Amino acid sequence: MRDKLLAAEKVKAIEWRDGKLGLLDQRVLPREETWLTYDSAAGVAEAIRSMVVRGAPAIGIAAAFGLVLGARARLAAGGDWQAALEEDFKVLAESRPTAVNLFWALDRMRERLQRLKAGEDVLAALEVEAQGIFDSDREANLTMAQLGLELIRKHQDGPQKLLTHCNTGALATGGFGTALGVIRAAHLAGLVERVFADETRPWLQGSRLTAWELAGEGVPVSLNADSAAAHLMKTEGITWVIVGADRITANGDVANKIGTYQLAVNAMHHGVRFMVVAPSSTIDMSLEDGEDIPIEERDGRELLDVGGQRIAAEVHAVNPVFDVTPADLIDAIVTEKGVVERPDAAKMAQLMCRKRLH
């Protein structure tokens with residue numbers, strides 16, 4: 001399956017070349033495929049904040065390379081470059097609050113700085129660390145795709161109808177995807193009759209990004225309004241809801257794109273299995289449960305306006321962009337370290353003690 005996934009790879013969203021970071025602008029997909037180039041930590045932070053790059057793993061990768069860019073500028077300026085670099089750590093950390101991969105990647109870069117030896121090339125060391133974060137995510141996705149495929153096959157070995165939310169593909173990661181990586185593997189194994197993609201308001205990641213990725217690879221996909229999901233579970237014979245995650249707590253609660261919680265509730269009611277796919281870097285063992293996860297709320301104009309034009313009444317808009325799905329609504333969490341079925345605190349702790357499977 002690994003070879004099949006590698007052969008089928010068509011989409012990438014992040015590129016490090018000639019000391020600069022290239023990001024595929026996800027705000028204008030699928031209408032335009034535009035690459036933007038960044039040469040500063042502040043620029044990368046703004047790209048994360050403004051949704052040029054999104055998806056928890058991709059945000060972490062971009063932030064790691066942003067630190068490389070920041071270090072280069074601080075070293076060139078002279079003086080106490082490490083003290084100055086703290087400002088770059090801060091601006092990157094403040095770009096998005098919910099996706100823990102961002103903070104995990106920054107912590108890895110800080111740890112590498114602390115391990116510098118006398119006379120070691122600082123930029124070379126940081127660049128290798130950032131590239132390692134990038135490469136590790138791709139490998140984790142390949143492993144999760146195979147584990148998720150085995151889980152689907154364990155319960156039903158035949159073409160199935162799947163439902164997904166937001167975008168969890170190559171655009172949101174270092175390559176292949178988390179939830180969408182599992183769906184890709186299932187398609188290559190002949191286990192997908194059709195994928196139903198929630199449009200995912202208000203940024204429409206499902207209709208603009210997920211549907212674009214799947215259609216480009218020949219995966220049968222139908223787009224639906226978020227509010228149609230329960231009806232489709234009832235009428236279409238959907239067997240799995242498969243989603244990603246931006247943060248998973250020590251007890252298995254999952255923060256993901258707004259609308260995920262209601263999918264899990266509806267899936268439980270209709271007897272549809274619910275799978276969360278995320279690398280272990282998304283698991284935050286410092287938080288006991290989902291009540292502790294900071295939930296980002298973005299500008300209400302994302303709901304009130306479309307294409308810069310007001311479509312709503314002159315009212316206040318509430319725009320939380322993540323919600324928390326309790327662990328007791330989740331059938332399985334798939335990571336590169338293994339699969340946790342019916343997650344709880346004990347099982348999550350056991351998982352985090354394991355080594356990666358790849």
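I'll start with the sheet: seven strands form an open sheet in the order 6-5-4-7-10-15-16, with mixed pairing. Strands here are DSSP runs of E, at least two residues long, and helices are runs of H or I, at least four residues long, both numbered from the N terminus. Two strands pair if DSSP finds at least two bridges between them.

Before going on, the caveats. This is a predicted model, in which local features need pLDDT of at least 70 and side-chain atom pairs count only at pLDDT 80 or more, while totals for chains, interfaces and linings use all residues. Residues are numbered from 1 along each chain as its sequence is written, and side-chain values use heavy atoms, with hydrogens and water left out.

Axes are lines fitted to C-alpha atoms, for helices over the stretch in contact, and angles run from 0 to 180 degrees between N-to-C directions. Strand 4, residues 160-164, pairs with strand 5 in the parallel sense over five bridges. Leu 162 stands opposite Val 195 in strand 5.

Which strands does helix 10 touch? Helix 10, residues 260-270, packs on the sheet and touches strand 4, strand 5, strand 7 (238-243) and strand 10 (273-277). Contact means heavy atoms within 4.5 Å. The direction of helix 10 makes about 145° with that of strand 10. Helix 12, residues 345-352, also packs on the sheet, touching strand 15 (332-335) and strand 16, and its direction makes about 175° with that of strand 16.

Next, the aromatics. The structure holds two aromatic pairs. Rings of Phe, Tyr and Trp (its six-membered ring) pair if their centres lie within 6.5 Å; planes under 30 degrees apart count as stacked, over 60 as edge-to-face and the rest as tilted. Trp 16 and Phe 65 are stacked, 4.7 Å centre to centre with 15° between the planes. Trp 16 lies in strand 1 (residues 14-17) and Phe 65 in helix 3 (residues 56-77), so this pair ties together parts 49 residues apart in sequence. Phe 65 is buried at 0% relative accessibility, and Trp 16 is buried at 14%. Buried means under 20% relative accessible area, exposed over 50%, and partly exposed in between, with a 1.4 Å probe and protein chains only.

Phe 65 also pairs with Phe 134, edge-to-face, at 6.2 Å centre to centre and 80° between the planes. Phe 134 sits in helix 6 (residues 122-155), 69 residues apart from Phe 65. Trp 16, Phe 65 and Phe 134 form one aromatic cluster.

Two arginines lie over rings. A charge sits over a ring if NZ of Lys or CZ of Arg is within 6 Å of the ring centre and within 35 degrees of the ring normal. Arg 110 is over the face of Phe 89, at 4.0 Å from the ring centre. Arg 273 is over the face of Trp 240, at 5.9 Å from the ring centre.

Last, the backbone. Most residues other than glycine have a negative phi, and most peptide bonds are trans. The bond from Leu 29 to Pro 30 is cis, with omega near -5°. Another cis bond joins Arg 201 and Pro 202, with omega about 0°. Pro 202 is in the loop between strand 5 (192-198) and helix 8 (205-216). Thr 200 lies in the loop between strand 5 and helix 8; its phi is near 65°, and Thr 200 is buried at 0%. Asp 18 has a positive phi of about 55° and is exposed at 72% relative accessibility.
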